[in-house]
Amino acid sequence: MADLKLDTNHDLAIENGDLVLVDGVDAIAQDLDVRLQTFQGEWFLDTRIGVPYFQSILGQKPRLTAIKGIFRDAVLSTPGVQSISDFTLDYDGSTRELSLSMQVQSVEGSFNYTKELII
């Protein structure tokens, strides 16, 4: 599985004037990053993709267990992800900072994944 690589600003990565490809667990981790930063309904080609930030998180005062379930479902629906373990999620409602950490088992192998989001 190969994809175009995104840089830290989520623009296409270009090296020496050429687009860069990413594959294996790096491609799955990149897809996971994109999925977790996409609001459900945002992508016009498939409005089911993404996290239901507006529908279930922002302005809703959700319980931590509900947020964990939402993010667990988003991770597990990412193509190539088979299972996750050691899943931890911390959320600070006052600063709206959310941090995720997990071990991901994918079709390409296992990798550690951490992400910090401000929602």
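Leaving aside neighbours within four places in sequence, Leu 36 is in contact (heavy atoms within 4.5 Å) with Val 51, Tyr 53, Phe 71, Ala 74, Val 75, Leu 100, Tyr 113 and Leu 117. The model is predicted, so that local features need pLDDT of at least 70 and side-chain atom pairs count only at pLDDT 80 or more, whereas totals for chains, interfaces and linings use all residues. Residues are numbered from 1 along each chain as its sequence is written, and side-chain values use heavy atoms, with hydrogens and water left out.

Leu 36 and Phe 71 have the most contacts inside the largest nonpolar core, which has 25 residues. A nonpolar core is a set of buried Ala, Val, Leu, Ile, Met, Phe, Trp, Tyr and Cys residues joined through side-chain atoms within 4.5 Å; buried means under 20% relative accessible area, exposed over 50%, and partly exposed in between, with a 1.4 Å probe and protein chains only. Two or more residues of this core come from each of helix 1, helix 2, helix 3, strand 5, strand 6 and strand 7. Helices (H or I, at least four residues) and strands (E, at least two) are DSSP runs, numbered from the N terminus. The most is given by helix 3, with five residues.

Helix 1 has 13 residues and spans 19 Å from its first C-alpha to its last, close to the 18 Å expected at 1.5 Å a residue; the expected span is 1.5 Å times one less than the number of residues. Its buried residues are Gly 24, Ala 27, Ile 28, Ala 29, Gln 30, Leu 32, Arg 35 and Leu 36. In the loop between helix 1 and helix 2 lies Thr 38, which counts as buried at 13% relative accessibility. Beyond residues up to four places away in sequence, Thr 38 touches Ile 49, Gly 50, Val 51 and Tyr 53.

Three aromatic pairs are present in the structure. Rings of Phe, Tyr and Trp (its six-membered ring) pair if their centres lie within 6.5 Å; planes under 30 degrees apart count as stacked, over 60 as edge-to-face and the rest as tilted. The pair of Phe 39 and Tyr 53 is tilted, because the ring centres are 4.6 Å apart and the planes stand at 45 degrees. Phe 39 belongs to the loop between helix 1 (24-36) and helix 2 (53-57), and Tyr 53 to helix 2, so this pair ties together parts that are 14 residues apart in sequence. Phe 39 is partly exposed, with a relative accessible area of 28%, whereas Tyr 53 is buried at 2%. Tyr 53 also forms an edge-to-face pair with Phe 71, at 6.0 Å centre to centre and 65 degrees between the planes. Since Phe 71 lies in helix 3 (residues 64-76) and Tyr 53 in helix 2, the second contact ties together parts that are 18 residues apart in sequence. Phe 71 is buried, at 0% relative accessibility. One aromatic cluster is formed by Phe 39, Tyr 53, Phe 54 and Phe 71.

An open sheet is formed by three strands in the order 5-6-7, with antiparallel pairing; two strands pair if DSSP finds at least two bridges between them. Strand 5 and strand 7 stand at the edges, each with a single partner strand, so one side of each is left without a neighbour in the sheet. On average, neighbouring strands of this sheet are turned by 15 degrees against each other, direction ignored. Axes are lines fitted to C-alpha atoms, for helices over the stretch in contact, and angles run from 0 to 180 degrees between N-to-C directions. Helix 3 packs on the sheet, touching strand 5, strand 6 and strand 7, and its direction makes about 145 degrees with that of strand 5. Helix 1 lies across strand 5, strand 6 and strand 7, and runs at about 25 degrees to strand 7.

Strand 5 and strand 6 are joined by nine bridges, and Val 81 has Ser 106 of strand 6 as its bridge partner. These strands form a hairpin with four residues between them, and Arg 96 in the turn has a positive phi of about 60 degrees. Arg 96 is partly exposed, with a relative accessible area of 40%. Strand 6 and strand 7 (residues 109-118) pair over 10 bridges and form a hairpin with two residues between them.
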